[in-house]
Amino acid sequence: MSTTPQFPVEITHIRKHYDRLSFLYRLFWGEHLHHGYWEGNESAARAQIQLMERLAERAGVSRGARVLDIGCGLGGSALWLADQFECEVTGMTISPVQARMAAARAKKRGLTNRVKFELNDANEWQPEPASVDLIWIMESSEHFPDKPGFFERCALALKPGGVLAVCAWLRRDGPLREDERDLVNAIAEAMLSASLGSLSDYQAWMRDAGLTVTVAKDITRHVEQTWSHCSRIGDNPAVRFFLRFTDRSTQRFVRSFPLMKQAYAQGAMAFGLFVAKKPA
């Protein structure tokens, strides 16, 4: 297993980031706070849905499944799973602002009977054993410092035969050059990532938790357009004006958008799609 560097990130900083910026996320990027998946000239909104479709297809989401969406953001995946598969979904977030926005969205969509949102820190989460059919993690594990322990708790929460479905930012397998390491470290600091594992790391953590990894796929080339779109958002005059009045961490966050594009292009970072199953 490669050495996975740790970055000091306080949970309060992550919470404040999402509390402060979730409205702007929704305004400029939509209800899905994750990468898009491109196969052609799709819009960014369509590409975001396609990423969920690819993960759900690989995970074999069952109709009516009981789902835990960890790091649910504004509830985009939770509502989509409830709508498309009639799943019963609990979304978990550390941000009170996100929880309120997601709950309001569920009410507007008429899905409050199948979707609920709760405030919980995934780092402190103590799951009920064998309680869910599917755990869905769309780009939130980057924030968790103890990934091996986290995946052990996921395995505990899954019912026998249950499925873990994950999309995650990755560092490249194997050693990085000094300039690549500096680039990845700058991104991790700006994006409040406690650690970035490799494709091999994630597979090992899941297997060590007692899960059987069925999919571990590098899909970087399909998602890297995300950061061209985000860079254009960062150059939007309204965003540039807003940034003049924000704190340094928010400014650093937006300035890191082109760095993500660079890291993907150089191969210093990657994007992985994973599915793992708990033995029946």
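A residue counts as buried when its relative accessible area is under 20%, as exposed when it is over 50%, and as partly exposed in between (1.4 Å probe, protein chains only). By that rule, Arg172 is partly exposed at 24% relative accessibility.

This is a predicted model, where local features need pLDDT of at least 70 and side-chain atom pairs count only at pLDDT 80 or more, while totals for chains, interfaces and linings use all residues. Residues are numbered from 1 along each chain as its sequence is written, and side-chain values use heavy atoms, leaving out hydrogens and water.

**Salt bridges**

Side chains of opposite charge can pair when their charged atoms come close. A salt bridge here is a side-chain nitrogen of Lys or Arg within 4 Å of a carboxyl oxygen of Asp or Glu. The whole structure holds 12 salt bridges, including these:

| Pair | N to O distance |
|---|---|
| Arg109 and Glu31 | 3.8 Å |
| Lys159 and Asp133 | 3.5 Å |
| Glu180 and Arg172 | 2.8 Å |

**Helix H6**

Helices (H or I, at least four residues) and strands (E, at least two) are DSSP runs, numbered from the N terminus. Glu180 is one of the buried residues of H6, and so are Leu183 and Ile187 among others. The buried residues of this helix pack against helix H11 (248-255), helix H12 (257-266) and strand E7 (269-277). Just past H6, Leu192 has a positive phi of about 60 degrees.

Methods:
Contact = heavy atoms within 4.5 Å.
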